[in-house]
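Look at the chain below and follow it through its helices, its domains and the ligand.

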Amino acid sequence: MSARLAPRTIDSEDENQLLDTLDRWLERDVRPFVKDYDHADRYPAAIVEQMKELGLFGATISPDYGGLGLPATTYAQIVMKISSVWMAITGIFNSHLMLAMAVEKFGTPAQKALWLPKFASGEVRGGLALTEPDAGTDLQGIRMTARREGDQYVINGTKTWISNGIEGSCFALLVKTDPAAEPRYKGMSLFIAPKQEGFTVGRKLEKLGYKSIDSGELVFDDYRIPADHLIGEVEGEGFFQATGGLELGRINVASRGVGVAEAALQLAVDYARVRQTFGKPIAEHQAIQLKIGEMATRARAARLLTLDAAAAYDRGQRCDMEAGMAKYFASEAALENATESLRIHGGYGYSKEYDIERLYRDAPLMCIGEGTNEMQRMIIAKQIFKKNRLS
Ligand SMILES: Cc1cc2nc3c(=O)[nH]c(=O)nc-3n(C[C@H](O)[C@H](O)[C@H](O)COP(=O)(O)OP(=O)(O)OC[C@H]3O[C@@H](n4cnc5c(N)ncnc54)[C@H](O)[C@@H]3O)c2cc1C
């Protein structure tokens with residue numbers, strides 16, 4: 001099964017223009033409103049409308065279906081820029097694009113023609129529904145079932161932690177079509193699941209950070225959908241279809257980490273220049289300079305690792321290890337830089353008036369999502385051992 005879309009490129013002038021437009025939008029329409037939205041944990045509906053106009057919901061969808069068809073390197077830079085202003089809103093289109101990718105890579109021609117134009121315009125938005133209350137890392141342990149009845153499937157079970165679960169209207173839903181199958185992944189299938197009778201939102205989950213984007217519990221109670229909603233119309237491929245976008249998924253989370261790591265550094269630099277102790281700016285104290293030096297190095301290394309993985313992806317190379325390294329390093333860089341920047345802010349870092357507190361709350365998510373960093377390091381190690389097999 002091919003798990004890769006054709007390699008993509010972009011003219012550098014087009015890329016610059018796109019990134020400049022994004023910068024102007026972020027400064028004018030996003031940055032001034034972030035604190036209010038975040039503190040109220042309110043869905044940024046107006047910003048989502050602007051994201052539609054910018055084409056973000058179709059960023060990685062092929063132009064054949066109305067998307068921008070961007071290469072991973074451009075997509076990564078977009079996610080870095082947005083995350084340096086407000087990381088949470090990248091989740092509104094990133095999870096959605098994972099749903100679109102599953103359909104574009106593995107769907108039938110009819111499924112692509114029906115769904116991808118609606119995903120690309122943002123008319124239909126959603127995400128990826130994999131995690132259950134008792135199964136996250138161990139995805140093959142999910143319990144949700146789909147039973148075939150004539151030309152329909154009947155689905156029962158509960159998903160949790162689903163990004164866009166409340167505001168979104170359609171999800172790539174991972175289920176067991178053969179719960180007794182061994183190995184377990186052979187009994188898994190992936191469906192395109194629009195909201196309709198039998199599909200309800202259990203509750204909105206309250207979170208430490210990553211505010212304003214809704215994380216929901218989704219309940220399926222005798223939810224009936226036509227058999228043609230099974231992606232690729234083939235049972236037993238769901239595990240690979242659901243994880244088939246993981247290289248780009250990890251590049252995306254790494255890019256978020258870069259954005260947060262760089263923003264935390266910038267806030268620290270700005271603050272260190274103006275805050276005075278013992279008659280001089282704290283930027284002139286060596287202890288602060290050591291921190292800034294480490295933070296800047298981490299942020300740059302995170303950026304380079306991420307762009308390196310994205311470039312390999314764009315060349316059509318297998319890059320799961322490179323993407324995993326970027327995801328692991330950049331997410332830890334985000335967490336460490338946010339913590340250090342908060343400390344540089346002293347007591348004000350602990351105040352809700354300064355932006356650093358939001359970065360400090362948002363950063364840990366990147367260490368958990370798209371494969372925890374514990375798993376990430378084990379996966380990297382396995383690849384290293386594979387490459388170093390005794391002949
Ligand atoms: C804000 C947010 C948004 C999310 N959005 C989505 C979404 O849109 N769609 C979706 O499907 N899911 C989503 N998730 C769920 C996320 O993918 C899971 O939380 C993640 O995969 C970890 O699973 P878990 O929480 O069940 O932890 P567990 O799998 O229970 O892991 C607990 C701990 O054990 C460690 N661990 C587990 N297995 C091993 C092992 N074999 N060896 C060593 N250590 C191990 C883990 O690294 C972790 O530290 C979201 C989560 C959050 C917090």
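Trp-25, Asp-29 and Val-30 of helix 1 are in contact with Ile-47, Gln-50 and Leu-54 of helix 3. Two residues are in contact if their C-beta atoms, placed from the backbone, lie within 7 Å. Helices (H or I, at least four residues) and strands (E, at least two) are DSSP runs, numbered from the N terminus. By class, this contact of helix 1 with helix 3 has four nonpolar, one polar and one charged residues. Here Ala, Val, Leu, Ile, Met, Phe, Trp, Tyr, Cys and Pro count as nonpolar, Asp, Glu, Lys and Arg as charged, and the others, Gly among them, as polar.

The model is predicted: local features need pLDDT of at least 70 and side-chain atom pairs count only at pLDDT 80 or more, while totals for chains, interfaces and linings use all residues. Residues are numbered from 1 along each chain as its sequence is written.

How do helix 1 and helix 3 pack? Helix 1 (residues 12-30) and helix 3 (residues 45-54) have axes 12 Å apart, at an angle of about 165°. Axes are lines fitted to C-alpha atoms, for helices over the stretch in contact, and angles run from 0 to 180 degrees between N-to-C directions. Helix 1 and helix 3 are therefore roughly antiparallel. Angles under 35 degrees count as roughly parallel, over 145 as roughly antiparallel, 65 to 115 as roughly perpendicular and the rest as oblique. The crossing of helix 1 and helix 3 is right-handed. A crossing is left-handed if the near helix is turned anticlockwise from the far one by less than a right angle, and right-handed if clockwise.

Next come helix 5 (residues 90-106) and helix 6 (residues 109-121), whose axes come within 10 Å and cross at roughly 160°. Helix 5 and helix 6 are therefore roughly antiparallel, and their crossing is left-handed. The contact of helix 5 with helix 6 divides into six nonpolar, two polar and two charged residues.

Helix 9 (residues 286-314) and helix 10 (residues 320-344) cross at roughly 155°, and their axes come within 9 Å. That makes helix 9 roughly antiparallel to helix 10. Helix 9 passes helix 10 in a left-handed crossing. The contact of helix 9 with helix 10 has 15 nonpolar, two polar and six charged residues.

Two backbone details follow. Most residues other than glycine have a negative phi, and most peptide bonds are trans. Trp-161, in strand 3, is not a glycine but has a positive phi of about 65°. A cis peptide bond, with omega about -10°, joins Glu-182 and Pro-183. Pro-183 is in the loop between strand 4 (170-176) and strand 5 (188-194).

The chain is assigned domain 1 (12-126), domain 2 (127-237) and domain 3 (245-385); such bounds come from an automatic or database domain assignment. The C-alpha centres of domain 2 and domain 3 lie 32 Å apart. Their contact takes four residues from domain 2 and six residues from domain 3.

Which residues come nearest to the ligand? Of the 21 residues around the ligand, these are Leu-130, Gly-136, Thr-137, Thr-372 and Glu-374. A residue is near a molecule or strand if its C-beta atom, placed from the backbone, lies within 6 Å of it. The shell around the ligand has nine nonpolar, nine polar and three charged residues. Domain 2 and domain 3 each give at least three residues to the shell.
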